Amino acid sequence: MATNMKSLLLLLMVIAATLNDGKPWVLIPPKVTVRVINNFDPPQDVTVHCKSKDDDIGEHTIKVGDSFEFHFRPNAIVDVTLFFCSFRWASDPSLHYFDIYEERRDQWCTTCEWAVSQQGACIYNEAFRKYKCYDYTHSAPQATFIQPLDFNTSNNSTVPPSCI
């Protein structure tokens, strides 16, 4: 009987690992922190409103040099977790959109630290000690799937342009 239980447990672990897409966690994904840092130059406050399909994080105004963060657990079965934000600031009050967390793109980070400026959003990858920068979109986000980031490409800089 004990051998059957061990076999069943082993089978369940293999199935969970297979469904897990090679992620380091098996059943419960780690909590993710998304931190948005105001890196505007010239300095000005930025208003951010983040949400997912299920959760509205609300609108927050971030002072220059300050940050705002929120926490969540990604979907445990498939890579579909998406949080998107709109940004606006005094010198350009139109809405600028950005997918602040796309699970397929960002699954490598448990603390996703984004420096935002007028040019867009830059995420820091501590393992590679590099920033990867993205432009804002100018329309409401669409749920699309993209390939994971390649932090070994030549268009990565060590510091986002707005941090220099």
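A residue is taken as buried when its relative accessible area is under 20%. In this predicted model, buried residues account for 38% of the 164 residues in the protein. The accessible surface of the protein amounts to about 10,000 Å², and carbon and sulfur atoms contribute 57% of that surface.

The protein contains two helices and nine strands. Along the sequence these elements are arranged in the pattern α-β-β-β-β-β-β-α-β-β-β. Of the contacts between residues at least 6 apart in sequence, 58% link residues at least 24 apart.

Strand S1, residues 32-38, is paired with strand S4. The two strands run antiparallel and are joined by six bridges. Within this pairing, Val36 lies opposite Phe68 of S4.

Strand S4 spans residues 67-72, and its side chains alternate in direction. In a regular strand the side chains alternate between the two faces of the sheet. In S4, Phe68, Phe70 and Phe72 point to one face and are buried.

The loop between S4 and strand S5 (82-89) includes Ile77. Ile77 has a relative accessibility of 60% and therefore counts as exposed, because the cut-off for an exposed residue is over 50%. Together with Val78 and Val80, Ile77 makes a nonpolar surface patch of about 260 Å².

Technical notes:
Residues numbered from 1 in each chain as written. Predicted model: local features only at pLDDT ≥ 70, side-chain atom pairs only at ≥ 80, totals over all residues. Heavy atoms only, no water. Buried < 20%, exposed > 50% of the residue type's maximum accessible area, 1.4 Å probe, protein only. Helix = DSSP H or I, 4+ residues; strand = E, 2+ residues; numbered from the N terminus. Pairing = 2+ DSSP bridges. Contact = heavy atoms within 4.5 Å. Areas by Shrake-Rupley, 256 points an atom, 1.4 Å probe, with all protein chains shown as cover. Patch = residues over 30% accessible without salt bridge, like charges linked within 9 Å, V, L, I, M, F, W, Y side chains within 5 Å. Salt bridge = Lys/Arg side-chain N within 4 Å of Asp/Glu carboxyl O.
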